[in-house]
Amino acid sequence: MGILSKEEKIFQAVAHVVLTIGCILAVVPFWLLIAASFSSDAYATKYGYKFIPGEFSLEAYQFIFNQWDQIGRAYFITVIVTVIGTALGIMLVSMLAYGLVQKDVPGVKAIFLAIMVTMLFNGGLVPTYLIYSNVVHVKNTVWGLILPNLLMSGFTVILVKNYFTTSIPGELIEAAEIDGAGQFNIFFKIVMPLSTPILATVGLMSAVTYWNDWQNGLYYISESKLYSIQLLLNEMNNNIQYLANNASNLAGVDTSTLPSVTIRLAIAVVAILPILLVYPFFQKYFAKGIVMGAVKG
């Protein structure tokens with residue numbers, strides 16, 4: 001390793017300072033969120049949120065876990081939707097991208113143009129809702145949480161296409177074709193194993209989208225047994241807000257101990273915790289996949 005010049009040392013120092021500040025700015029809100037969720041509601045209401053709980057309390061989490069029958073089922077629904085939706089999304093995106101890199105397939109340019117158009121325009125909420133409800137019939141089914149998010153981003157298709165173009169050696173595919181391998185064998189035995197970084201990137205993006213999604217549940221799900229965790233926690237938050245705002249009009253309902261402030265923070269912690277635990281295992285693939293997939297092919 002060569003000796004760094006003065007300019008390179010200055011650049012590295014500045015880069016480290018900037019990255020450290022960025023890291024702190026990213027971590028501090030999460031720490032404040034988690035710490036404040038363990039404060040008592042009365043203390044948080046009077047003194048605000050603190051980085052170290054001034055009055056430690058589990059009342060917000062007790063309120064949530066008293067509803068664990070519903071929350072546990074919602075977690076199960078969310079995990080199923082996330083796993084199935086992510087797996088189907090990766091397969092559809094990668095197969096479409098692989099088709100787009102084939103030079104001898106007629107109509108590839110027209111298909112690619114159509115995908116680009118979807119990045120600029122969409123059909124709108126009302127037509128989308130009518131199609132999924134009246135034509136596809138996903139209303140009050142698990143598919144109402146899966147299908148609307150499947151292959152919704154032309155950006156991911158372009159990422160995977162560029163990765164295939166720049167990172168999969170054409171000579172390797174040509175050699176497989178000479179040996180008599182068909183397209184399915186080439187795709188599943190050569191292309192997919194060599195595409196772990198970009199597939200992990202797309203998979204993580206898709207999984208986060210499914211996990212955080214509550215809009216599709218709002219549109220297509222009215223049966224509480226099919227609520228996802230985000231939709232259920234949003235409903236809980238709205239109900240708590242309603243009780244807190246209408247305490248004087250609700251005879252016989254004790255709202256004096258309702259954790260109306262810290263419950264929102266605890267709800268956020270419960271909702272994001274799985275993603276925070278999983279992300280570090282995919283981070284290295286995510287960074288590599290974004291860089292290599294963004295290279296223009």
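## Burial and the Tyr 98–Phe 164 pair

A residue counts as buried when its relative accessible area is under 20%. In this predicted model, Tyr 98 and Phe 164 are both buried. The two residues form an edge-to-face aromatic pair, with 6.4 Å centre to centre and 80 degrees between the planes. Tyr 98 lies in helix α4 and Phe 164 in helix α8 (residues 154-167), so the pair links distant parts of the chain, 66 residues apart.

## Other aromatic pairs

A pair of aromatic rings is described by the distance of the centres and the angle of the planes. The count of such pairs comes to 12. Ring pairs join Tyr 98 and Phe 164 with Phe 184, Phe 187 and Phe 188 in a cluster.

Tyr 219 and Tyr 220 also make an edge-to-face pair, at 6.1 Å centre to centre and 85 degrees between the planes. Tyr 219 has 24% relative accessibility and therefore counts as partly exposed. Tyr 220 counts as buried because its relative accessibility is 2%.

## Packing of α4 and α10

Helix α4 (residues 68-100) packs with helix α10 (residues 183-191) at an angle of about 120 degrees, and the axes are 12 Å apart. The two helices are therefore oblique to each other; an angle of 65 to 115 degrees would count as roughly perpendicular, and one over 145 as roughly antiparallel. The crossing of α4 past α10 is right-handed.

On the α4 side, the contact uses Met 91, Ser 94, Met 95 and Tyr 98. These residues meet Gln 183, Phe 184, Ile 186, Phe 187, Phe 188 and Val 191 of α10. By class, the contact has 8 nonpolar and 2 polar residues, and no charged ones. Tyr 98, Phe 184, Phe 187 and Phe 188 of this contact belong to the aromatic cluster described above.

## Packing of α9 and α10

Helix α10 also packs with helix α9 (residues 170-178), at an angle of about 135 degrees and with the axes 10 Å apart. α9 and α10 are therefore oblique to each other, and their crossing is right-handed.

From α9, the contact includes Leu 172, Ile 173, Ala 176 and Glu 177. From α10, Gln 183, Ile 186, Ile 190 and Val 191 take part. This contact of α9 with α10 divides into 6 nonpolar residues, 1 polar and 1 charged. Gln 183, Ile 186 and Val 191 of α10 take part in the contact with α9 and also in the contact with α4.

Technical notes: Residues are numbered from 1 along each chain as its sequence is written. This is a predicted model: local features need pLDDT of at least 70, side-chain atom pairs count only at pLDDT 80 or more; totals for chains, interfaces and linings use all residues. Side-chain values use heavy atoms; hydrogens and water are left out. Axes are lines fitted to C-alpha atoms, for helices over the stretch in contact, and angles run from 0 to 180 degrees between N-to-C directions. Helices (H or I, at least four residues) and strands (E, at least two) are DSSP runs, numbered from the N terminus. Angles under 35 degrees count as roughly parallel, over 145 as roughly antiparallel, 65 to 115 as roughly perpendicular and the rest as oblique. A crossing is left-handed if the near helix is turned anticlockwise from the far one by less than a right angle, and right-handed if clockwise. Contact means heavy atoms within 4.5 Å. Ala, Val, Leu, Ile, Met, Phe, Trp, Tyr, Cys and Pro count as nonpolar, Asp, Glu, Lys and Arg as charged, and the others, Gly among them, as polar. Rings of Phe, Tyr and Trp (its six-membered ring) pair if their centres lie within 6.5 Å; planes under 30 degrees apart count as stacked, over 60 as edge-to-face and the rest as tilted. Buried means under 20% relative accessible area, exposed over 50%, partly exposed in between (1.4 Å probe, protein chains only).
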